[in-house]
Amino acid sequence: MNCWILFGLYCRKNCVETVSFQQKIRERVPGAQMKTSSAFCCPCKTMEVKNDLIRYFDMFAGIGGFRAGLDRAGGFQCVGHCEIDKYADASYRAIHDIGKEECYFPDARKIDPGDLPDFDLLCGGFPCQPYSLSGHRRGFEDARGTLFFEIARLAEARRPAYLWLENVFGLLSHDRGRTFCAILSTLHDLGYGLEWMVLNSADFGPPQSRRRVFIIGYLDSRCAGKIFPVFGAGGKALIQLVGGRQGGRVYDPAGSACTLTAGAGGMGGKTGLYFIDLCAGEPWETGIARCITARYGQTTLSNHPRERSGVRLRNGRIRRLLPRECLRLQGFAEDQIDRLLAITSDSQAYKQAGNSVTVDIVEAIGRRLRAVDAELRGSA
């Protein structure tokens, strides 16, 4: 005889109340086999989920670019998140519908794996500043660089079926590739099959040239080659018409623009979506913005050449992107942007947009991951 316990009356943690409840059911209905349906255990206040959902823990969550993308992809359920920046966490909670049953950890280094609910996917963009071309590139010498090993620690303890990590393109070349090799080796030693790919946001919808490394790990070897490669609609290369110093370089609007960073300054640096004076007819509007980073909006000038690139307008003036435009370039919906901007300052909004993962890329990869997971569950 089957006894369906609806609305999550017990959980996998087998809390005392749950065990007692199950025992009472068995005493009253001999031979009963209990099965959960959904989402919340009343006795111990923990989450249970439907079997067809991929449960994930959102690590180094920022404002929730991963969560926004997985919500769009469908078939995923967040069981909790970790974010140490109180302003980013406030924006995360404003943007997303956070269930009371979800767990939260401010500091990844202090997470006890035993305190985490069950999850199938560990995802997150671990801090990129130690590996970024625009940063000091200290890698594992930087305390932020060692936070990758917190991901490995939780993966080793909880053995989720999937890992999904994101970082800057500079990770590949840092320390002549040794850093990236150490990351892959660490995850491989934990038993994960690994695939990685460099993806540009401009190829997936948002008009922003932003290359990032995405790493997928899986325990089931049948996943091999089924999640990656992922391709977008395609982008166009940068076309420079006139060279020269910052503020004087002119780009063809038919191509992608140079990278936009938070620390860019001067006439040309503080622009994303802009007009170009081709000295004939009306100004043209470029289709692709430069890469948004956490330093966008600052007045200091970056030393990195790609961050100093710009254009000269007809009237010699140029404007930087607004916080709303930066968030749009990361793929967030207008209602999400409204809620974020209602509670945070412009400077924090710039920082949060620059630190986020592009939502559209997450959605595209999430759809592939969901399809593969459904295939594996169907063949189990």
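What follows is a short tour, in dialogue form, of a predicted model.

Visitor: What should I know about the model before I start reading?

Guide: Residues are numbered from 1 along each chain as its sequence is written, and side-chain values use heavy atoms, with hydrogens and water left out. This is a predicted model, so to speak of local features we need pLDDT of at least 70, side-chain atom pairs count only at pLDDT 80 or more, and totals for chains, interfaces and linings use all residues.

Visitor: How many helices and strands does the protein chain have?

Guide: Ten helices and 15 strands. Both are DSSP runs numbered from the N terminus: helices are H or I with at least four residues, strands are E with at least two.

Visitor: And what share of the 380 residues counts as buried?

Guide: 51% of them. Buried means under 20% relative accessible area, exposed means over 50%, and partly exposed is in between, with a 1.4 Å probe and protein chains only.

Visitor: Now the sheet. In what order do the seven strands come?

Guide: First the general idea: strands of a sheet pair through backbone hydrogen bonds, either parallel or antiparallel. Here the open sheet runs β7-β6-β5-β8-β9-β11-β10, with mixed pairing. Two strands count as paired if DSSP finds at least two bridges between them. At the edges sit β7 (103–105) and β10 (193–200), each pairing on one side only. From one strand to the next, the twist averages 20°.

Visitor: How many bridges join β6 to β7?

Guide: Three, and β6 (residues 76–82) and β7 run parallel. Look for Cys82, which stands opposite Phe105 in β7.

Visitor: Which helices pack on this sheet?

Guide: Helix α2 (residues 65–73) does, touching β5 (54–58), β6, β8 and β9 (162–168), and its direction makes about 165° with that of β5. Helix α5 packs there too, touching β9, β10 and β11 (211–218), at about 140° to the direction of β10. Contact means heavy atoms within 4.5 Å. Axes are lines fitted to C-alpha atoms, for helices over the stretch in contact, and angles run from 0 to 180 degrees between N-to-C directions.

Visitor: How do I read a pair of helices?

Guide: Two packed helices are described by the angle between their axes and the distance between the axes. Take α4 (residues 148–158) and α5 (residues 178–189): their axes come within 10 Å and cross at roughly 10°. The two are therefore roughly parallel to each other; that label covers angles under 35 degrees, with over 145 roughly antiparallel, 65 to 115 roughly perpendicular and the rest oblique.

Visitor: Which residues make the contact?

Guide: Phe148, Phe149 and Ala152 of α4 meet Ile183, Thr186 and Leu187 of α5. That contact divides into five nonpolar, one polar and no charged. The classes are Ala, Val, Leu, Ile, Met, Phe, Trp, Tyr, Cys and Pro as nonpolar, Asp, Glu, Lys and Arg as charged, and the others, Gly among them, as polar.

Visitor: Which residues of α4 are buried?

Guide: Phe148, Glu150, Ile151, Ala152, Leu154 and Ala155. Their cover includes β8, β9 and α5. Just past the helix, Arg159 takes a positive phi of about 50°.

Visitor: And Glu363: buried or exposed?

Guide: Buried, with a relative accessible area of 16%. Glu363 sits in helix α10 (residues 359–379). Setting aside neighbours within four places in sequence, Glu363 is in contact with Gly69, Arg72 and Ala73.
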